[in-house]
Amino acid sequence: MRYEVWAPYAAERVEVAVDGRPHALARDGARAGWWHGEAPAGDYAFVLDGGRPLPDPRSPRQPHGPDGPSRAVDHAAFNWSHTGWRGRPLAGSVLYELHIGTFTAAGTFEAAAERLDHLVGLGVDFVELMPVCPFPGKHGWGYDGVSPWAVHEPYGGPEGLKRFVDAAHRKGLGVVLDVVHNHLGPAGNYLPMFGPYFTDRHHTPWGSAVNLDAPGSDEVRAYLIGSALAWLRDYRIDGLRLDAVHALADDRAVHFLEELACEVDRLAVTTNRPLFLIAESDRNDPRTTAPREAGGQGLAAQWSDDFHHALHCALTGESQGYYGDFAAAPLAAVAKALTRGWFHDGGWSSFRGRHHGRPFPPAHGDRLLGYLQTHDQIGNRALGDRISTGLSPGRLACGAALVLTSPFTPMLFMGEEWGAATPWQYFTDHTDPNLAEAVRRGRRREFAEHGWAADAVPDPQEPATVLRSVLDWTEPRRAPHSELLHWYRLLIRLRRDSPELSDPDLAAVRVDADEAAGWLVVHRGPYRVAVNLGASAAALPLGGEVVAAFGGHSGSEGAITLAPDSVVIVRP
């Protein structure tokens, strides 16, 4: 078997230890910093200048966890049962974000695959998996992962992920995978021992930045791009969600994101499947999703927190932290997001203490993902409480209607569709006791600044924290969860059957609202989506047929009276 590794920091020798037995590697005369050689197959690790055995930076499998030896994977040996899958485009789709470890009690790919029929019945088009790269212990969000070519073993490893993707494709569901290029986890990250994978030229919330523009960055960029392409090629993933791309510090003329998008487009041609990238970005910069020929980076879409924040304020009345910019007139903020894409499109942001963003191109609303809940917006709260904890089913239905009839690409978070009562909290399973204690103290210190008592903040390392976060699959079968689930199914079906409700043209959207009374009407072609978030009934001049409704309403010719926490969709 051939072994190779980029290890420019190795001064004298590099060995590959296969099942504990060392085999010398030779310098590659054609590639600076690379070492290669032949050795038997088996569990292997690299030894640099006689040091400790280290996992392969490009390890395709870590069967013994992030700190153990690596193992090769023969991707060609997997028997794909659904060879006819040709993919599906992102535009016009509905996404469903889920975390493998808490989607089911078993917390595995196999158990998640057994619930795919629920998603088919719901009507979504893509499953978006939170990160699945290896991390310490069994439980975690996945954003502290390492070995970005490998799959977390407790979930089912490489074979488990392939079987999940294969099952999803058989049922007509695409799969998006969340990947993290902006940092690696604090445990099991051995890349700095091999070469200049990180640089002090830039700093991020996680410390030194990934090296995208300093000496040695050609190899680092190739490393990350190779990982991304491997998910799309070897695991037949349909698209990638890129975590916090605003933390990818890169001063080169061709930004890393542009280079990555170009390579993904090339692979799409080779595989004859639509492949795409979705960014999480805080910049509100339309160049992220603008075509490369127009000076953009060419990603297909990005998350839109502005729409979430405006909608969250309108539904909950919360105004702390970054919600303050949206809370003064939340219905106006919702209206602006629906008609202009972003709330912060160059204006003042009090939370940031500066102006922020730039205008979004109105013809391309589907380049923005719109959502009522995400893992971030739930799990980063002190108690991990979902929006359903404090809202009536009717108010939740109002939020769902505004998301699923929006000009954006809608995304749901697992359990949202039935108003799950289970929280989704921040949990870890660090095996290093010092790191575990640091995380525990840091979490409690963070929320102490907002008035939370330390013992009120769940301990991330406590097994009960992750257990509380597992979905309760008995809920969808009983009221009021079943009624809300029916509503979500109806909305998704209506969106699919009525092109006007998925039209991405922001300029074609018109919104009427009464901030004081608490009602809002969104005009989508011939449809009117009316929600009443006020404390009193609202008489609205809406005529026509009610095609969908949740909550109380009554009407006569040309008018509808809408009860509080109610929504109707009307068509002439």
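Just after helix α6, Arg236 adopts a positive phi of about 55°. This is a predicted model in which local features need pLDDT of at least 70 and side-chain atom pairs count only at pLDDT 80 or more, while totals for chains, interfaces and linings use all residues. Residues are numbered from 1 along each chain as its sequence is written, and side-chain values use heavy atoms, with hydrogens and water left out.

Helix α6 itself covers residues 217-234; helices here are DSSP runs of H or I with at least four residues, strands are E runs of at least two, and both are numbered from the N terminus. Its 18 residues reach 25 Å from the first C-alpha to the last, close to the 26 Å expected at 1.5 Å a residue, the expected span being 1.5 Å times one less than the number of residues. Because 14 of the 18 residues are buried, α6 is largely enclosed by the rest of the structure. Buried denotes under 20% relative accessible area, exposed over 50%, and partly exposed the range in between, with a 1.4 Å probe and protein chains only.

Two loop residues may be set side by side. Asn182, in the loop between β8 (174-179) and α5 (191-194), has 1% relative accessibility and therefore counts as buried. Leaving aside neighbours within four places in sequence, Asn182 is in contact (heavy atoms within 4.5 Å) with Trp206, Val210, Asp243, Ala244, Ala247 and Leu248. Ala454, in the loop between α13 (433-448) and α14 (463-468), counts as partly exposed at 43% relative accessibility.

Axes are lines fitted to C-alpha atoms over the stretch in contact, and angles run from 0 to 180 degrees between N-to-C directions. Phe307, Ala310, Leu311, Cys313 and Ala314 of α8 meet Pro330, Leu331, Ala333, Val334, Ala337 and Leu338 of α10. The residues of this contact comprise 11 nonpolar, no polar and no charged; Ala, Val, Leu, Ile, Met, Phe, Trp, Tyr, Cys and Pro count as nonpolar, Asp, Glu, Lys and Arg as charged, and the others, Gly among them, as polar.

The axes of α8 and helix α12 (residues 393-404) come within 11 Å and cross at roughly 155°, which means that α8 is roughly antiparallel to α12 as well. Here Phe307, Leu311, Ala314 and Leu315 of α8 make the contact with Arg395, Gly399, Leu402 and Val403 of α12. These residues divide into 6 nonpolar, 1 polar and 1 charged.

Terms used:
Angles under 35 degrees count as roughly parallel, over 145 as roughly antiparallel, 65 to 115 as roughly perpendicular and the rest as oblique.
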